[in-house]
Amino acid sequence: MKEKLGLYIHIPFCQKKCHYCDFLTFIGHDEMIEKYVKYLNKEIEMYRDNDYILDTIYIGGGTPSYLEDELMTSILDKVKKIFTIDDKCEITIEMNPESVTEKKIQSYLKSGINRFSMGVQSFDDEVLKIMGRIHNRKTVIEKLDIMKKKGCQNISIDMMMANPKQDIEILKKDLEIASSLDINHISYYSLILKEHTHFEMWFNEGKINLYDPKEERDMYHLVTNTLKEKGFNQYEISSFSKPGFESVHNQKYWNLKNYLGVGMGASANINLVRTTNTRSFDEYFESIDNGEFPIVEREELNTEMREKEYLMLNLRMLKGFEISDINSKFNIDFMKKYKDIVEKHSKNGILEISENSVKFTEYGIDNGNMLFRDLYSLNDFE
């Protein structure tokens, strides 16, 4: 019987690097795009003897919508030729507003893409400028209107909070606009200072300041409470959806489901083995020319490591996990094995334990690292 799993496809090209971004992206390498897609299709072809059914496909980046629509069509045509596609397969593409066109949307819909995730980040033009974004609020509204008119029914936007200049009043305005749009899903992330980004450099030079943890938590609670009032269900720490529009693919990551990854830097997770592809063009092309998967990292997780990862990722979900599920999955008695941790973090208000489930309390969502430090026996867990 064929196994159902997800497929992640990485498109590492952008028009401009955002000031907070540390993802694998390349700027000013447009001459490499067609060759990259050619080799990406060759990598997909290497799975021709697979025994998988894809029930989710996620095209991320980078900026996948930066590619010409004919190239995106060729990638999806190759995937359909090599894999069996589930009738209800969720196919997501990430987009930035400035690269969305009517022609691309029409092409995406024709290719079977049925979920559209747009990187918006903020509706305040000054905040967008300091973030290094090249769109503005007007562009976002115009492109969302195009998408709806062309028939896109499952639309998500990515938003950020706690950016420089984005105080609580600007956040309130962002939330007012975001929650008034006719969309199905909002992902809301807090700024994390990443190495080798403009924001890190400017912070070290004293050119920008970050909000303190209490201010950031106040912003987070404003986001969760506002979106809940507007009919969005928070199903994961950073994810909010209208009923029935939760991201199926992302839940594979949080529930430790199997998925493949193709493209430079893409990761795969099959059973107890996690692999990561090379981040180098030359190595990527050479490996595929030699008929080899472009994998540079392979990590075989023992069941103990996977068990802890399951706990950590499932606690990101607002519903937590079922005790019977972890017991059967790892052949353990959870309440016995983790007795000390459960008792400690139930008493301090981190965990809520019911008859057959474990989840974070609201206090636990803010302070979950206290539990994770105990889980991994580390002084510092991130």
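A pocket is taken here as an open set of points, on a 1 Å grid over the protein atoms alone, with protein on both sides within 12 Å along at least five of seven lines, and its lining residues have an atom within 4 Å of a point. Grid points are joined across faces, edges and corners, and a volume is the space filled by probe spheres set on the points. The structure is a predicted model, in which local features need pLDDT of at least 70 and side-chain atom pairs count only at pLDDT 80 or more, whereas totals for chains, interfaces and linings use all residues. Residues are numbered from 1 along each chain as its sequence is written, and side-chain values use heavy atoms, with hydrogens and water left out.

The second largest pocket holds about 330 Å³ of space. Its lining comprises 14 residues, of which T224, N225, K228, Q234 and E362 lie nearest the centre. Two or more lining residues come from each of α8, β9 (233-236) and α15 (362-367), where helices (H or I, at least four residues) and strands (E, at least two) are DSSP runs numbered from the N terminus. The greatest contribution, five residues, is that of α8. By class, the lining of this pocket has five nonpolar, six polar and three charged residues; Ala, Val, Leu, Ile, Met, Phe, Trp, Tyr, Cys and Pro count as nonpolar, Asp, Glu, Lys and Arg as charged, and the others, Gly among them, as polar.

Helix α8 was then examined along its length. Its 17 residues should span 24 Å at 1.5 Å a residue, and the end C-alpha atoms are 24 Å apart, in agreement; the expected span is 1.5 Å times one less than the number of residues. At the start of α8, a side-chain oxygen of D212 reaches to within 3.1 Å of the backbone nitrogen of K214. G231, which follows α8, has a positive phi, near 95°. The buried residues of α8 are E216, M219, Y220, V223, T224, T226 and L227, where buried means under 20% relative accessible area, exposed over 50% and partly exposed in between (1.4 Å probe, protein chains only). An α-helix has 3.6 residues a turn, so residues three or four places apart point the same way. The cover over the buried residues of α8 includes β7, α6, β8, β9, β10 (239-241) and α15.

A side-chain oxygen of D167 reaches to within 3.1 Å of the backbone nitrogen of E169 at the start of α6. Within α6, I170, L171, D174, L175, I177, A178 and S179 are buried. Among the elements that cover them are β6 (115-121), α4 (125-131), α5 (137-150), β7 (155-161), β8 (185-190) and α8 (213-229). Strand β7 contains S156, which counts as buried because its relative accessibility is 1%. Beyond its neighbours within four places in sequence, S156 is in contact (heavy atoms within 4.5 Å) with R115, F116, S117, M118, H185, I186 and S187.

Two cavities of 30 Å³ or more are found in a search of the whole structure. About 80 Å³ of space lies in the largest cavity, and its lining is formed by L311, L315, F321, F334, Y338, I341, V342, L351, V358, L371 and L375. Elements giving two or more residues to this lining are α14 (339-347) and α16 (369-376). The lining of the largest cavity divides into eleven nonpolar, no polar and no charged residues. The second largest cavity has about 40 Å³ of space and is lined by E43, Y47, G261, A266, A268, T275, N277, F293 and I295. Five nonpolar, three polar and one charged residue make up the lining of the second largest cavity.

Two further residues were considered individually. S267, in strand β12 (residues 267-270), counts as partly exposed because its relative accessibility is 26%. Leaving aside neighbours within four places in sequence, S267 is in contact with Y259, L260, G261, T275 and T276. The side chains of S267 and T276 are joined by a polar contact of 3.2 Å; such a contact is a pair of N or O atoms within 3.5 Å, of which, within protein, one must be able to donate a hydrogen and the other to accept it, and residues adjacent in sequence count only if both atoms are side-chain atoms. L40, in helix α1 (residues 33-45), is buried, with a relative accessible area of 0%.

Key:
On a 1 Å grid over the protein atoms alone, a cavity is a set of points where a 1.4 Å probe fits but cannot get out, and a pocket is an open set with protein on both sides within 12 Å along at least five of seven lines; lining residues have an atom within 4 Å of a point.
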